[in-house]
Amino acid sequence: MHRAPRTVAVVTAGLRQPSSTRRLAELLGRAAVEALASRSELATVEIIELRDIAHDLMDYLLTGSLSAELRRAIDTVVAADGVVAVTPIFSASYNGLFKNFFDVLDPESLVGKPVLIGATAGTPRHSLALDHAIRPLFTYLRTVVTPTAVFVATEDWDETRNQAIDDRIRRAASEFAVFVAAKERAESSTDREEALLEGVLEGR
């Protein structure tokens, strides 16, 4: 019997078009699919561009009116086997659009879900925001965050791109694929914690 493809929700909070945040999100999504394929897991990617539902998100926060577009975005993230979440960094933290979206989710809806985090900024000085702001957000939501996060500064976007960035993207995607596979195994096991731990250790 063939298993259904894994689903990866890619959430990107870039504000401009074109957006370096969207570019990084697409690279991470593609790397995640390739890493899952290396584990004989087919996967599909659903990209959620928060910029496109910014007004819907604000309406919901102010009035409680939930649009069909925002509902679809929420449902996509909640139903996904894993989430790739990428934000631009402003003032040493994620932007408001990114935070507002995860604020409207049911706090219990992401428990145990694998998450790969990434960020972009104009200067490398903002790279610490991944561990000081973004990782704690997803830890609070009780997700399983990959050990490796990916940060790309403006200077890294040249024609050849920094090889270290490419290596980091592949490593983060590989960790993410291990967690997604381990989550599926845990969900079908009577001992969820043991199955999750075994799956992660096997991926080393």
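Me: Is Phe102 buried or exposed?

Reply: Relative accessible area decides: under 20% is buried, over 50% exposed, and in between partly exposed (1.4 Å probe, protein chains only). Phe102 has 3%, so Phe102 is buried. Phe101 is buried too.

Me: What should I know about the model before going on?

Reply: The model is predicted: local features need pLDDT of at least 70, side-chain atom pairs count only at pLDDT 80 or more, and totals for chains, interfaces and linings use all residues. Residues are numbered from 1 along each chain as its sequence is written, and side-chain values use heavy atoms, without hydrogens and water.

Me: How many helices and strands does the chain have?

Reply: Both are DSSP runs, numbered from the N terminus: helices are H or I with at least four residues, strands E with at least two. This chain has seven helices and seven strands. Their order along the sequence is β-α-β-α-α-β-β-α-β-α-β-β-α-α. Of the 204 residues, 49% are buried.

Me: How do I read an aromatic pair?

Reply: Two values describe it: the distance of the ring centres and the angle of the planes. Rings of Phe, Tyr and Trp (its six-membered ring) pair with centres within 6.5 Å; planes under 30 degrees apart are stacked, over 60 edge-to-face, the rest tilted. The structure holds five such pairs. In one of them, Phe101 and Phe102 have ring centres 5.3 Å apart and planes at 80 degrees, so the pair is edge-to-face. Phe102 and Phe138 are also edge-to-face, at 4.9 Å and 80 degrees. That pair links distant parts of the chain, 36 residues apart: Phe102 sits in α4 (residues 96-104), Phe138 in α5 (residues 129-140). Phe138 has 0% relative accessibility, so Phe138 is buried.

Me: Which residues do the ring pairs link into a cluster?

Reply: Tyr94, Phe98, Phe101, Phe102 and Phe138.

Me: Which residues of α4 are buried?

Reply: Leu97, Phe98, Phe101, Phe102 and Val104. Down the axis of α4, these residues fall within an arc of 160 degrees, so they line one face of the helix. The arc is taken from the directions from helix axis to C-beta atoms.

Me: How do the axes of α4 and α5 cross?

Reply: Axes are lines fitted to C-alpha atoms, for helices over the stretch in contact, with angles from 0 to 180 degrees between N-to-C directions. The axes of α4 and α5 come within 12 Å and cross at roughly 5 degrees. That makes α4 roughly parallel to α5 (under 35 degrees; over 145 is roughly antiparallel, 65 to 115 roughly perpendicular, the rest oblique). The contact (heavy atoms within 4.5 Å) is made by Phe98, Lys99 and Phe102 of α4 with Ile134, Leu137 and Phe138 of α5. By class, there are five nonpolar residues, no polar and one charged. Ala, Val, Leu, Ile, Met, Phe, Trp, Tyr, Cys and Pro count as nonpolar, Asp, Glu, Lys and Arg as charged, and the others, Gly among them, as polar.

Me: Where is Ala119?

Reply: Ala119 lies in strand β5 (residues 114-121). Its relative accessible area is 0%, so Ala119 is buried. Beyond neighbours within four places in sequence, Ala119 contacts residues including Leu24, Val86, Ile134 and Phe151.
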